[in-house]
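Thanks for coming, everyone. Please have a look at the model on the screen before I go through it.

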Amino acid sequence: MATNGTKSTSSNVFLIWGGEGWVAGHLKELLQQKGEKVFTTTVRMENREAVIAEIERVKPTHVLNCAGCTGRPNVDWCEDNKEQVIRSNVIGTLNLTDCCFLKNVHCTVFATGCIYAYDKNHPPGGEGYLEADPANFGGSYYSATKSKVEELMTTYSNCLILRLRMPVSDDLHPRSFVTKISKYERVVNIPNSNTILHDLLPCAIQLATAGDTGIYNFTNPGAISHNEVLTLFKKHVRPDFEWKNFSEEEQSKILKAGRSNCELNSDKLVKRMKDFGVEVKDVHTAYDECFQRMKANGVK
């Protein structure tokens, strides 16, 4: 059942699916700060009757879908639980989007950009993948389901799809990309697109409120390597931090599923946010400022 967290000063009503999750918590806080009326829910997306009942009860103008199955402790879990992954990431996501469509509710889906891999036309340091480029990475079952469901969701005229990659928060939350790689014994060193939540989640709310639909690569412009991230982390947050690298080949020996490495082209997002007077900072600047905020907040 949905729970309400604020009093509203506008006609918008936001309902966040996956309401107990990490990204959902950040969105709820941002919406409360804006004075928006916001509810959260943990109703299973694949339960059609319960989804419809929740929408009819809350009567949202906007649904923010942060729910889904990523696997614990990582996507390797999905390789052994494929039916559950389908039920959540495919059936559930489509069901919620379809119910919103039938009820004339705008639906924002927090999706993933981990559906691409570097290739000869998109090498590291080269052209990033555009929103319209077909997915080319199926090395993990998680990514395979995400690319398939995204293709189907584009049919819906009420749906905004935001492709996050390796999201990072201003703390060391267990789900944050920085927290994960800071705890690994060894890390690969490959440039990737990243999503700095502090910068981009307010953009998600603006896009949803404006009624935007279609796909956005929802990452800070550019790509940054693991070593570059950890060098900035060491500089600002943990001066005594040390780490070791290993190759993709060595990494593959300890993983059940492959990992997506790619750069997404975020020009579409940058251009659209200029309409709101918002500058989307490049990933290196965004990371530097993120770690400065961490330091100021006493994160170690």
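Predicted model: local features only at pLDDT ≥ 70, side-chain atom pairs only at ≥ 80, totals over all residues.

Residues are numbered from 1 along each chain as its sequence is written, and side-chain values use heavy atoms, with hydrogens and water left out.

The second largest pocket has a volume of about 250 Å³, where volume is the space filled by probe spheres set on grid points joined across faces, edges and corners. A pocket here is an open set of points on a 1 Å grid over the protein atoms alone, where a 1.4 Å probe fits, with protein on both sides within 12 Å along at least five of seven lines, and lining residues have an atom within 4 Å of a point. Among the residues lining this second largest pocket are His-26, Glu-29, Asp-170, Asp-171 and His-198. The elements that each give two or more residues to that lining are helix 1 (22–33) and helix 6 (197–210), helices being DSSP runs (H or I, at least four residues) numbered from the N terminus. Helix 1 provides the largest share, 4 residues.

Turning to the helix pair, helix 7 (residues 226–236) packs against helix 10 (residues 283–296) at an angle of about 30°, with the axes 9 Å apart; axes are lines fitted to C-alpha atoms over the stretch in contact, and angles run from 0 to 180 degrees between N-to-C directions. Helix 7 is therefore roughly parallel to helix 10, a label for angles under 35 degrees. In the contact (heavy atoms within 4.5 Å), residues of helix 7 including Leu-232 and Phe-233 meet a set in helix 10 that includes Tyr-287 and Phe-291.

Technical notes
Parallel < 35°, antiparallel > 145°, perpendicular 65-115°, else oblique.
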